[in-house]
Structures are given as structure tokens and as C-alpha cells.
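Open your viewer and get ready to select residues as we go. Each stop tells you what to pick next and what is there.

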Amino acid sequence: MNSIKIFAGNSHPELAQKVADKIGIALGKVVVLKYSNQETAITIGESVRDEDVFIIQTGCASINDHLMELLIMINACKTASARRITAVIPSFPYARQDKKDKSRAPITAKLVANMLQTAGCNHIITMDLHASQIQGFFNIPVDNLFAEPSMLKYIRENLDYKNAIIVSPDAGGAKRATAIADRLDLDFALIHKERKKANEVSRMVLVGDVRGKVCVLVDDMADTCGTLCLAAKTLKDNGAASVYAIVTHGILSGKACDYINASTLEKVVVTNTIPHADKRARCDKIDTIDISPVLGECIRRIHHGESVSVLFSNMPS
């Protein structure tokens with residue numbers, strides 16, 4: 001039977017190594033370089049003919065460089081006769097540009113989907129897409145894994161969850177928050193925010209009673225963390241005992257660490273879909289959930305032709 005080959009780009013080598021360790025194989029040999037004129041040069045250092053290839057590359061930091069690396073690696077494996085090429089993209093780049101929200105706005109997530117398919121990708125594994133309709137941008141299978149089981153495990157093991165309430169920091173994340181609240185048999189609250197312009201929140205209104213409760217803010221991504229910090233302040237002003245935030249993609253750009261340090265948040269818990277070791281060094285409120293077991297089990301199941309749906313609601317054993 002053809003074997004699994006896992007290659008990693010430069011975006012998140014630590015996660016790729018953890019996934020390879022979980023499966024019990026070594027990472028494939030690949031050299032990713034930049035020429036002096038900033039062109040990306042890639043050399044696959046071993047045979048991939050008739051192999052099941054998985055390329056792990058997440059959307060972070062130098063997002064365009066990492067996307068280009070991924071496209072070139074996919075194409076290199078395709079022209080080297082790989083049997084199947086799966087792109088493992090824990091944090092999908094340009095996922096927020098998924099609709100035409102104003103005149104002449106590009107739908108860049110669709111463009112990224114087209115580029116991946118044109119490069120020669122046969123399958124996509126990603127996690128907590130900003131909008132799950134992005135799966136419809138592809139004409140190839142997309143497995144959109146959820147961080148929810150990992151989040152539930154963290155809440156049960158690390159928080160006083162019997163006295164907790166799950167809070168969505170905006171109306172868009174209500175579905176995600178209610179799903180977690182139902183699984184834990186907890187109450188649910190919602191914060192309605194009014195924006196003046198993108199990335200700037202002007203006013204927040206709380207819907208629900210949080211007095212004396214441990215509030216758990218749940219969201220799919222934390223970028224500048226302005227929303228989370230304002231939400232935490234709103235909850236504290238309404239009598240919350242303590243406030244935690246659990247987020248899938250910790251982008252933590254700009255002054256995010258300073259905002260978190262100055263905020264009333266006890267902890268901001270993020271998964272390692274995006275590398276954030278440098279942020280943890282600057283902010284001791286940041287905690288990490290490791291999602292490499294989920295990705296590793298998903299890769300193993302896809303390779304052996306097993307169902308992946310069990311991972312949508314359960315942690316791998």
C-alpha cells in the first residue's frame with residue numbers, strides 16, 4: 001500500500017513535527033528557500049511517486065509567502081507523480097474575505113480555493129473555517145475539523161465549569177457558543193457590538209445574566225483582541241466573577257498582547273493552528289490547546305479510508 005508522506009512549509013514547523021510524531025513517521029525532506037530577488041525556491045528531497053502526500057502549511061505572519069510556498073509544493077508533488085495531495089491548512093488564509101460585503105469587494109477566499117485546485121491539490125483539511133460555506137468554493141473534498149471537542153476538554157479540566165456561562169462576543173458566533181453550552185449543559189449569553197469601522201468596536205450590549213458566574217468567551221479567531229478585551233470589561237461591569245476567552249485561531253496581531261495584559265481577562269486560551277511562542281513569552285495570560293492529535297488522527301483516517309466524522313464531536317483516543 002502507498003505510504004504517508006508529510007511535508008512542512010516554513011509557516012509552522014513545530015505543529016508539523018508534532019503531527020508526524022503522533023502518526024509515528026518522520027517529516028519528509030524538503031528545502032524551502034528564498035532567492036535574493038525574493039522568489040521562493042522549493043526542492044522535494046525524496047521520491048513521492050504514487051505516495052499519499054500531506055503538506056502542512058497554515059495561514060499566518062507572512063501570509064502571502066506561505067501561501068505561495070504551499071502552491072509551489074503542491075505543484076512540485078503533482079509533477080512528481082504523487083497519487084494524492086492533501087493540503088493541511090489549520091488556519092485558512094483570507095477566510096474573512098468570503099463574501100461581497102460592499103461594492104467592488106473581492107471574494108479572495110474563492111480565489112485561494114481556485115489557486116489550490118489549479119496547483120493540483122486533491123483534498124483539503126482545515127479547522128474552524130471563518131464561514132463554513134467556504135467549503136462550497138472547492139470542487140474537491142474539504143474536511144473542516146472543529147476545535148470544539150478540544151475546547152470542551154480544556155473547560156472541563158481547567159475551569160470551574162459548573163458555575164460557568166458560555167458567552168458569544170458577537171451575534172455571528174452565537175451558533176458556536178450555543179453548541180458548546182449545550183454540550184456542557186450550561187446557560188448562554190450574547191454580546192451585541194456596534195462597529196464604527198472594521199477592527200473598531202464602539203459600543204457593547206450584553207444579553208443575558210452573568211452575575212457571579214465564570215464567563216467563557218468563545219470565538220473562532222482573535223486578531224487584535226480589541227473585541228475580546230471590551231467584551232471582558234462589559235461582562236465584569238455586569239457582575240461576572242471572572243472572564244476567560246477560548247479561541248481557535250490566535251492571530252494576536254499588533255498590540256494584542258498589550259491589550260490582553262491590561263484587560264480583565266484571566267486567560268486567553270488559543271489552539272496552536274498558528275504559532276504563538278513569541279506571544280506567550282510576552283503575555284503569561286495566553287494558554288495553548290494542542291490540536292496536533294486531531295490533525296494526526298484525521299490524516300491517518302483519510303489515508304486508511306476511514307470516516308472522519310467522529311472527530312467532529314469527539315477527541316481522538
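Which helix or strand gives the most to the lining of the largest cavity? Helix H2 does, with four residues. Before you look, note that this is a predicted model, where local features need pLDDT of at least 70, side-chain atom pairs count only at pLDDT 80 or more, and totals for chains, interfaces and linings use all residues. Residues are numbered from 1 along each chain as its sequence is written, and side-chain values use heavy atoms, with hydrogens and water left out.

**Stop 1: the cavity**

Select Gln57, Thr58, Gly59, Ile63, His66, Leu67, Leu70, Ile89 and Pro93, which line the largest cavity. On a 1 Å grid over the protein atoms alone, a cavity is a set of points where a 1.4 Å probe fits but cannot get out, and lining residues have an atom within 4 Å of a point. The space inside is about 40 Å³, where a volume is the space filled by probe spheres set on the points, and grid points are joined across faces, edges and corners. Searching the whole structure turns up one cavity of 30 Å³ or more. Its lining has five nonpolar, four polar and no charged residues. Here Ala, Val, Leu, Ile, Met, Phe, Trp, Tyr, Cys and Pro count as nonpolar, Asp, Glu, Lys and Arg as charged, and the others, Gly among them, as polar.

**Stop 2: two helices**

Now show helix H2 (residues 63-79) with helix H3 (residues 108-119): their axes come within 8 Å and cross at roughly 25°. Helices (H or I, at least four residues) and strands (E, at least two) are DSSP runs, numbered from the N terminus. Axes are lines fitted to C-alpha atoms, for helices over the stretch in contact, and angles run from 0 to 180 degrees between N-to-C directions. To see the contact (heavy atoms within 4.5 Å), select Leu67, Leu70, Leu71, Ile74, Asn75 and Lys78 of H2 and Val112, Met115, Leu116, Thr118 and Ala119 of H3.

**Stop 3: a buried valine**

Go to Val247, in strand S12. Is Val247 buried or exposed? Val247 is buried, with a relative accessible area of 0%; buried means under 20%, exposed over 50%, and partly exposed in between (1.4 Å probe, protein chains only). Leaving aside neighbours within four places in sequence, the contacts of Val247 include Met151, Asp219, Leu228 and Thr271.

From Met151, move on to helix H4 (residues 148-158), where Met151 is one of the buried residues. The buried residues of H4 pack against several elements, including helix H5 (174-184), strand S12 (242-250) and helix H9 (292-303).

**Stop 4**

Most residues other than glycine have a negative phi. Select Asp128, which has a positive phi of about 40° and lies in the loop between strand S6 (123-127) and strand S7 (142-145). Then select Asp185, in the loop between H5 and strand S9 (187-197), where phi is near 60°. Asp128 counts as buried, at 9% relative accessibility, whereas Asp185 is exposed, with a relative accessible area of 72%.

Definitions and conventions. On a 1 Å grid over the protein atoms alone, a cavity is a set of points where a 1.4 Å probe fits but cannot get out, and a pocket is an open set with protein on both sides within 12 Å along at least five of seven lines; lining residues have an atom within 4 Å of a point.
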